[in-house]
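Student: I would like to learn how to read the sheets, helices and chain contacts of a model. Please take one feature at a time.

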Amino acid sequence: MLKELSFSLASGEILGLLGPNGAGKSTLMALLCGLLQPLSGTVRVLGGDPALPSTRAHLGLAPQELALYEELSAQENLLVFGRLQGLKGADLKERVAVLLAETGLAARARDRVSTYSGGMKRRLNLAAALLHRPALLLLDEATVGVDPQSRLALFDLVENCRASGQGLLYATHHMEEAQRLCDRVAIVDQGCLLALGTVPELLQRHGGALRLRVERKGLVEEVETRDAVAELARQQGLGPFESFSLHPPDLEQVFMHLTGRSLRD
Amino acid sequence: MDKLWTLAMKDLRLLLRDRAGLFFTVAFPLLYALFFGAVFSPGGEDEARRIPVRLVDLDGSPASRAFLDSLGARKGLECRVDSLAGAEAAVRRGRASAAIILPKGFGEATRKLLSGEAPQVELLADPARQAEGALLQGMLMELAFRRLQETFQRPALMLPQVRVWRDSLALAPGKDPTLQPLRRWTGELDLFLGHLARQDSLSAKAQTGNRLARPDFTPLRVVTRALRQVREGPQSAFEVSFPQGLVWGLISVAASFGLSLVVERKEGTLRRLRASPLRRRHILGGKALACALAVVAICLAMLLCGRPLGVQAERPLLLLALIPSAAAAFTGLMLLVSVLGRTERAAAGMGWSLMMVLAMAGGGMVPLMFMPDWMRTLSHASPVKWTILGFEGVLWRGFGWTELLPVCVVLLSFGALCALVGLKAFRWRDA
């Protein structure tokens, strides 16, 4: 159940959507692209109702599942999805060719998708969402199960979209991805928006103290502190130690701070 | 319409790429029709039931040769002339069901038929194939009676028989009071038959003859007259097997497309389609269009393949109503199958179970004529029954519009009902 969830997304901006399992990320995605209707209230996307095809024409969805026809080739998949998005003729062919090249699939464009690796399928999954140059792109776990090379290629595609002025809502479990790609991050849990801001803003507001890690007689101890020098002096007073390291707060710390440590199903 | 067409073409392409699906949709119905058509064809029956028989002629007379020739001409027998030892060995080894042996004196005995001396034929049958032995015994008796009938009908054949009989009566000793009139009667019969034989001979030479000048030996005069051929029943077994095979193709199409909707829901493509600027009616309409086109294609392909085998519509225009009606029925069924289970496995299990019940109840497996009354009543609820009836009607039952339209109405209603249930129960939320 989503409650009082409201945020804006500018064109050319990537908004990361973070939340534990069951937080409401997928429900939010489904509402935004008209797959679900709100029980109460309204959903407005790009100024329109996503239940209407005219609004959805400006949305692109790359779902978490590999939503592709495995027995068709990459080219055939893109042609089918392109036609359904209203592209035709030379424009469609050109767009398909460009995306096949950008995703590194041109050489195997005529092979059946069932013969592709996981990374190739992920890239094609994203390409199918980009065909009609949507104003808003909804990416749900876009990099699940891919190797580092494919992940980097996907990052490049996402960054190209931002550069071309498209808005992106990027749902992920990977904090480092959000930290690297997203201009702002929204953290949701139990249907509520817990925090929204740039990564430095979130770190400042919810990141807590520095973490001092001290290794003494083979044992590692971690303590949080606002004054690293004073804490280090205190640790020396407790006895000699082999090494220490100082860690600034990160997004994971913010996430855990906001959502807690209890397991979610 | 563009989007509908794109979706339909995508589904047809997917069907063509799925080899197993294609086999059960196109090849299996055709093989079914060809196999059962061939098995139940009259030609196929004869071939299948020919009894291997060895013939042994120990007499070597013209009569024995003629008898064996008559046997060899029988359709149900696979005859081969052999020596006595060879024939015995063939029966013992199971290569032949029986041996028919004409002993010495067979030809002489046939001349003394009227004297009470029946020619003897020996039947050496494999004890393990007693049924075939009994059948052969019946065939031999039938053949003997036929030859006897021929003898009585032809004076030239009858005459030697009567003369042998007359001579044996002349030599017979004793004072039996019946002997004298019998001798007189055979003498007159000899004269009478001699006269007929001469007349037949003259008639044959002149190619004319006054047939009315002598009494006719034919026991029954059969007068034939031309009758307009009224077609009753199928002309060949293929006309029965093709509608049944075709129905299996339609069942397979409905199941394939129904399950493909479940697969699309599971794999996320339905989610992607729903997120695109398509309405729900486009998504299901595209699938329905593909299913209906596949049904039409299968019907046409089956009729085309059946054409060389004599499977032809008596009134092809009726197909314009029947094929779309069948397409509607099986498209509706497809939509129903798509909501029978949440997972592919559940939907496949329940879908095929439903199809099997409909096929069994509708006469797709066992013809309805062999079913009990209650089963025949139940068959009214199956589109399989109505589809088969419709195609049989067009192919060989001689249906006109009056008979076909009720069938089409039932098929359309069935399709509408199934589609209604399917659309109502379709799980859009799961997509």
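**Sheets, helices and a chain contact**

Tutor: Chain A has an open sheet of three strands in the order 8-7-9, with antiparallel pairing. Strand 8 and strand 9 (243-247) of chain A are at its edges, each with a single partner strand, so one side of each has no neighbour in the sheet. From one strand to the next the twist averages 20°. This is a predicted model, in which local features need pLDDT of at least 70, side-chain atom pairs count only at pLDDT 80 or more, and totals for chains, interfaces and linings use all residues. Residues are numbered from 1 along each chain as its sequence is written, while chains are lettered from A and ligands numbered from 1 in the order in which they are written.

Student: How should I read the strand numbers and the pairing?

Tutor: Strands of a sheet pair through backbone hydrogen bonds, either parallel or antiparallel. Helices (H or I, at least four residues) and strands (E, at least two) are DSSP runs, numbered from the N terminus. Two strands pair if DSSP finds at least two bridges between them. Strand 7 (residues 210-216) and strand 8 (residues 219-225) of chain A pair in the antiparallel sense over seven bridges, and Arg213(A) has Glu222(A) in strand 8 as its bridge partner. Strand 7 also pairs with strand 9 of chain A, again in the antiparallel sense, over five bridges; there Arg211(A) stands opposite His247(A).

Student: How many residues lie between strand 7 and strand 8 of chain A in their hairpin?

Tutor: The hairpin has two residues between the strands, and Lys217(A) in the turn has a positive phi of about 50°.

Student: Which strands of chain A does helix 9 touch?

Tutor: Helix 9 of chain A packs on the sheet and touches strand 7, strand 8 and strand 9, with its direction at about 20° to that of strand 7. Angles here run from 0 to 180 degrees between N-to-C directions, and axes are lines fitted to C-alpha atoms, for helices over the stretch in contact.

Student: Is helix 9 of chain A buried or in the open?

Tutor: A residue is buried if 20 or more other C-beta atoms lie within 10 Å of its own, exposed if 12 or fewer, and partly exposed in between, with C-beta atoms placed from the backbone. Of the 11 residues of helix 9 (residues 228-238) of chain A, zero are buried, so the helix lies largely in the open. Just after helix 9, Gly239(A) takes a positive phi of about 140°. For chain A as a whole, buried residues make up 39% of the 265 residues.

Student: What is the strand order in the sheet of six strands?

Tutor: That open sheet of chain A has the order 2-3-4-1-5-6, with mixed pairing. Strand 2 and strand 6 (192-197) of chain A stand at the edges with a single partner strand each, so one side of each is left without a neighbour in the sheet. The twist averages 15° from one strand to the next. Strand 2 and strand 3 (residues 136-140) of chain A pair in the parallel sense over four bridges: Leu59(A) is opposite Leu136(A), and Gly60(A) is opposite Leu137(A).

Student: What covers the faces of strand 2 of chain A?

Tutor: Both faces of strand 2 are covered, with Leu59(A) and Leu61(A) buried on one side and Gly60(A) and Ala62(A) buried on the other. Helix 5 (residues 118-130) of chain A lies across strand 2 and strand 3, running at about 170° to strand 2.

Student: How do I read the contact between the two chains?

Tutor: Two residues are in contact if their C-beta atoms, placed from the backbone, lie within 7 Å. The contact takes 23 residues from chain A and 20 residues from chain B. Helix 2 (53-56), strand 2 (59-62) and helix 3 (74-84) of chain A each supply at least two residues of the side that touches chain B.

Student: And a pair of helices across that contact?

Tutor: Two packed helices are described by the angle between their axes and the distance between the axes. Helix 3 of chain A and helix 1 (residues 2-17) of chain B pack at about 160°, with their axes 9 Å apart. They are therefore roughly antiparallel to each other (under 35 degrees counts as roughly parallel, over 145 as roughly antiparallel, 65 to 115 as roughly perpendicular and the rest as oblique). Val80(A), Arg83(A) and Leu84(A) in helix 3 of chain A meet Lys3(B), Thr6(B) and Lys10(B) in helix 1 of chain B.
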